[in-house]
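Here's a quick tour of a predicted model, written for someone who likes to know the cut-offs. Have the viewer open and follow along.

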Amino acid sequence: MAEPVLEVKGLSFRYIQHHDQQGDSEAISNVSLRILRGEWVALLGRNGSGKSTLAKLLAGILSPHGGEILLHGEPLDMDHSRRSDLPIGIITHHPDDHMIGTTVQDDIAFGLENRNIPYDEMKHRVEEVLERFKLSPYRHHDPSRLSSGLKQLAAIAGVLALKPSLIILDEALTMLDTRSKLEMIDTLRQLQVSEAITILSITHDMNEAAAADRLFIMESGTITASGTPDAIFKLYQELEPPLGESLRRCLLHKGRKVPSKYMTEEEVVDWLCTSPSKTLRQITS
């Protein structure tokens, strides 16, 4: 069985209100979860449910008021001066927050320089991510003048160049167009397999969530359910399903004969391709 990369035990956090406001606001309450090495976990929930606060706690940006966070079995160091040493990469939906360098390649190299990566290795990593994310034509561009989508790609490239053991994506793919988003999901899947990178994805995008191995549902600062995409999309019918399951339900609603189980986009395509022509005529009629 894979070893746990991240363990959260009874985590709590509250935002301190000003003296003229009523009480404190508890954003996280007794949250516990466990994420294994090489696992992709997605965290779903409405705005204000505590997802982003949890991400900041896990990345060491905020310090919990109760509970414990273990990274590779060791308590997370809450000394913010050492935060950059953590093997965690967090990418938010605000790419400008990640822009530091005067060019794209300098911006990607910035984190590597901070970690004293040898020059030859740093150069190799920068070239690798520039090519992977099709950013080579923009290497000498000012990142602040790029489109929102390219800024986000540059931010993601900069984090992945650090080769973190855990990547936290806090609505990080929202700025990307549909094609770039699908390519990014595919890239993350490849890294998950080839390098056993652990991914925690905080998202409203159900197709992104469907790529995960497990889903967690968060409501009012607590984890209320967890399970495979299959189990969660069956349990929470109010969630907008990903494309494959959405198509299956649409056909089912129209009275077409379709498989009764949850289906991914790939499974729907495979099923359609292997269905007899008579069945296809019935489905499309």
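## A hairpin and its neighbour

Strands β4 and β5 (residues 74–75) run antiparallel to each other, paired over two bridges; pairing here needs at least two DSSP bridges between the strands. L71 sits opposite E74 in β5. The two strands make a hairpin with two residues between them, and H72 in that turn has a positive phi of about 55 degrees.

β4 (residues 66–71) has another antiparallel partner in β1 (residues 4–15), this time over five bridges. In that pairing, E7 stands opposite L70 of β4.

## Ground rules and the whole chain

Residue numbers start from 1 along each chain as its sequence is written.

The chain has 10 helices and 10 strands. These are DSSP runs numbered from the N terminus: H or I over at least four residues for helices, E over at least two for strands. Of its 285 residues, 48% are buried (under 20% relative accessible area, with exposed over 50% and partly exposed in between, using a 1.4 Å probe and protein chains only). Among contacts with a separation of 6 or more, 62% link residues 24 or more positions apart; a contact means heavy atoms within 4.5 Å. The accessible surface is about 14,900 Å², and carbon and sulfur atoms own 50% of that (Shrake-Rupley, 1.4 Å probe; for residues, only the protein chains shown count as cover).

## The enclosed space

How many cavities of 30 Å³ or more are there? The count is one. A cavity is a set of points on a 1 Å grid over the protein atoms alone where a 1.4 Å probe fits but cannot get out, while a pocket is an open set with protein on both sides within 12 Å along at least five of seven lines; lining residues have an atom within 4 Å of a point. Points join across faces, edges and corners, and volume is the space filled by probe spheres set on them.

The largest cavity holds about 100 Å³. Its lining includes R125, E128, R132, L160 and K163. Helix α3 (residues 119–132) supplies the largest share, four residues. By class, the lining has five nonpolar, no polar and five charged residues (Ala, Val, Leu, Ile, Met, Phe, Trp, Tyr, Cys and Pro are nonpolar, Asp, Glu, Lys and Arg charged, and the others, Gly among them, polar).

Of its 18 lining residues, I185, R189, N207, E265 and E266 are the closest to its centre. Two or more residues each come from α5 (178–194), α6 (206–210), α8 (243–253) and α9 (265–274), with α5 giving the most, four. The lining splits into nine nonpolar, three polar and six charged residues.

T187 is in helix α5. T187 counts as buried because its relative accessible area is 11%. Leaving out residues up to four places away in sequence, T187 touches R132 and F133.

W271 belongs to helix α9. Is W271 buried or exposed? W271 counts as buried, because its relative accessibility is 18%. From W271 to V258 is 13 residues in sequence and 9.2 Å in space, C-alpha to C-alpha.

Notes. Predicted model: local features only at pLDDT ≥ 70, side-chain atom pairs only at ≥ 80, totals over all residues. Heavy atoms only, no water.
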